[in-house]
Amino acid sequence: IGKALKNKPGFHTIVIRSTVLPGTVENKIEPVIEQFSEKKSGIDFGLCFQPEFLREASSIKDYYNPPFTIIGGNSQASILILEGLFKELPAEIIITSIPKAEMVKYCCNIFHALKITFANEIGRICQSLGVDSRDVMQIVCKDTQLNISPVYLRPGFAYGGSCLPKDLKGLMYHARMNDVEVPVLSNISTSNAVHIEHAVNMVTETGEKTIGMVGLSFKQGTDDLRESPLVTLAEKFIGKGFDLKIYDPHVNLSRLIGANRTYIEHAIPHIASLMTNEHEKIIEGSRIIIIAQNDRIFIEALYSLCKKDHIILDLTGSVDPSKIKGTYRGICW
């Protein structure tokens, strides 16, 4: 392609459609074309990645009925050409970067594999219980508010609370007792723990020792601390010798009762000495600020009081990096 492009006058658009790992087009294909064409990508020629979403045996139908049309490109002229080519298809056209388009294609395929595996593992557990898994999954899929929806499919922090960990443990116990192998389901909690450790490592790597954490309960707006991943995170920071202060206006220690109170007193016996309702005190006394809940009052105060030496670790995606004077880092973005 590069050799043929070398002697062609005018602008040319090159489109990659095959599924390739993120970075392939810009790091491998683009340099080769530039080398052999002696032209500059994005200026003398345009380079795009436009993945196809076609299944064997239904490719023609899929082509004319795509879920969306995604175009990743480095040239507006090339993007406009592709928009004109696909504008008649009954789907939204999404313009993005080439690496994001590459990753979307992989993400879609892997998500399909995950869905199949999830259904099959649930099926094997149902079979051991004498329950028809087809009926179970048919009902599960009728929930388009939580199950088959964008809810929970947003990168952020770990899950927790009194329901998800308990129910997962219960079902995994049944699977073990009945010799049902479910490797994907049985590793969900392991992956969750790895994600918490990822946050700890991001903080440890900064070399700073003073931390202000916004949020402690497992869900904003509640005082439920049971199985909260933020309690686990706080425990790990304390164990590593960090100076930790916690801001969560919904957690009033004097009002905690029953299992909720027992849980936090066992996990962090001196929790009272770590809690404060003064966001100014946390911001001014900490080099690392962890935004673990979308507390707008605290975040607005952070925009005003943040200094250049602050490191902001965002676990929720609720902080506007452009308003941060210090260093902004997302938990997985």
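Domain bounds, as used here, come from an automatic or database domain assignment.

**View 1. Two domains of the protein chain.** Keep in mind that this is a predicted model. The domain assignment places domain 1 at residues 1–105 and domain 2 at residues 192–330.

**View 2. Helix 9 from end to end.** Let's zoom in on helix 9, which runs over residues 188–204 and has 17 residues. From its first C-alpha to its last, helix 9 reaches 25 Å, close to the 24 Å expected at 1.5 Å a residue.

**View 3. The buried face of helix 9.** Which residues of helix 9 are buried? They are Asn192, Ile196, Ala199, Val200, Met202 and Val203. Looking down the helix axis, you would find these buried residues within an arc of 165 degrees, so they line one face of helix 9. The packing partners of the buried residues of helix 9 include helix 10 (229–239), strand 5 (210–214) and strand 7 (288–291). Strand 8 (311–314) and strand 9 (327–330) are also among them.

**View 4. Cysteines without a disulfide.** A disulfide is a covalent bond between the sulfur atoms of two cysteines. How many disulfides does a search of the whole structure find? The search finds zero. For cysteine 48, the nearest cysteine sulfur belongs to cysteine 108 and is 19 Å away. Cysteine 48 counts as buried, at 0% relative accessibility. For cysteine 332, the nearest cysteine sulfur is that of cysteine 107, 12 Å away. Cysteine 332 is partly exposed, with a relative accessible area of 39%.

Key:
Residues are numbered from 1 along each chain as its sequence is written. This is a predicted model: local features need pLDDT of at least 70, side-chain atom pairs count only at pLDDT 80 or more; totals for chains, interfaces and linings use all residues. Side-chain values use heavy atoms; hydrogens and water are left out. Helices (H or I, at least four residues) and strands (E, at least two) are DSSP runs, numbered from the N terminus. The expected span of a helix is 1.5 Å times one less than its number of residues. Buried means under 20% relative accessible area, exposed over 50%, partly exposed in between (1.4 Å probe, protein chains only). The arc is that of the directions from the helix axis to the C-beta atoms. Contact means heavy atoms within 4.5 Å. A disulfide is a pair of cysteine sulfur atoms within 2.5 Å.
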